[in-house]
Amino acid sequence: MGQGRQEDRFRDPRAIRDSGDDGFAFPEFYREEKPRLMRFFARKLGNQADADELSQETFSRFARGASTLTLASPRAYLTRIATNLLRDFVERGSTLLSQRSASLDDGMVAVAPDDIHRDVQSRQELARWMLILQRLQPDTLDIFLRNRVEGQSYREIADELELPLWVVQKQMLKGIRHVAAHREANDD
């Protein structure tokens with residue numbers, strides 16, 4: 001890592017640039033930084049669609065934010081926006097899975113006694129998902145079920161289990177990736 005990049009980490013990215021700067025070219029900045037942001041989000045989320053969406057939102061907020069002419073380090077400011085977006089994204093569980101999933105009670109429909117096929121199909125689907133969830137590590141499964149089934153927030157789970165919030169977030173990310181992988185495999 002070059003000396004200039006190390007210094008960028010410790011400066012406030014919103015600080016005013018020297019007046020001798022030539023200006024800022026957003027299109028060039030976008031082309032240079034988009035692949036880095038995509039790798040960052042894809043590595044953290046394991047999902048290219050979410051990575052692309054968050055990358056676009058990061059650039060959108062960057063463009064709406066402080067004037068680029070006043071930034072000491074546009075890259076550091078962009079990284080700060082990306083990190084905050086990722087944290088917010090994970091905290092609210094805003095993934096493809098949570099957008100497509102429904103509460104367990106929502107899917108409960110009384111089965112007519114003569115609808116044996118639907119009853120069998122429902123039992124098979126329940127057994128399949130129970131097997132999928134049982135493949136999770138016990139701690140991950142416990143945290144995942146507390147959030148998705150019991151409706152506890154990440155903060156409530158962390159407080160109840162006496163864990164740091166980041167541990168709960170990490171375990172939830174593992175659970176969400178696991179379930180999403182099986183759901184996507186089923187959708188194909």
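Gln 171 touches Asp 139, Thr 140 and Ile 143, with residues up to four places away in sequence not counted; contact here means heavy atoms within 4.5 Å. Gln 171 lies in helix α9, where helices are DSSP runs (H or I, at least four residues) numbered from the N terminus. With a relative accessible area of 12%, Gln 171 is buried, a term that stands for under 20% relative accessible area, computed with a 1.4 Å probe on protein chains only. The model is predicted, and local features need pLDDT of at least 70, side-chain atom pairs count only at pLDDT 80 or more, and totals for chains, interfaces and linings use all residues. Residues are numbered from 1 along each chain as its sequence is written, and side-chain values use heavy atoms, with hydrogens and water left out.

The largest nonpolar core has 35 residues, and Phe 41, Phe 62 and Tyr 154 are those with the most contacts inside it. Such a core is a set of buried Ala, Val, Leu, Ile, Met, Phe, Trp, Tyr and Cys residues joined through side-chain atoms within 4.5 Å. At least two residues of this core come from each of α2 (26–45), α3 (48–64), α4, α6 (116–134), α7 (138–148), α8 (154–161) and α9 (165–187). Helix α4 provides the largest share, 8 residues.

Helix α4 covers residues 74–91, and its 18 residues should span 26 Å at 1.5 Å a residue; the end C-alpha atoms are 26 Å apart, which agrees. The expected span is 1.5 Å times one less than the number of residues. Buried positions in α4 are Pro 74, Ala 76, Tyr 77, Leu 78, Ile 81, Ala 82, Leu 85, Leu 86, Phe 89 and Val 90.

Helix α2 packs against α4 through contacts that involve Phe 29, Glu 33, Arg 36, Leu 37, Phe 40, Phe 41, Lys 44 and Leu 45 of α2, and Pro 74, Arg 75, Leu 78, Thr 79, Ala 82, Thr 83, Leu 86 and Phe 89 of α4. The axes of the two helices, α2 and α4, come within 11 Å and cross at roughly 30°. Helix α2 is therefore roughly parallel to α4, the limit for this term being angles under 35 degrees. Axes are lines fitted to C-alpha atoms, for helices over the stretch in contact, and angles run from 0 to 180 degrees between N-to-C directions.

Leu 37, in helix α2, counts as buried at 1% relative accessibility. Apart from neighbours within four places in sequence, Leu 37 is in contact with Ser 55, Thr 58, Phe 59, Leu 78 and Ala 82.

Methods
Buried means under 20% relative accessible area, exposed over 50%, partly exposed in between (1.4 Å probe, protein chains only). Angles under 35 degrees count as roughly parallel, over 145 as roughly antiparallel, 65 to 115 as roughly perpendicular and the rest as oblique.
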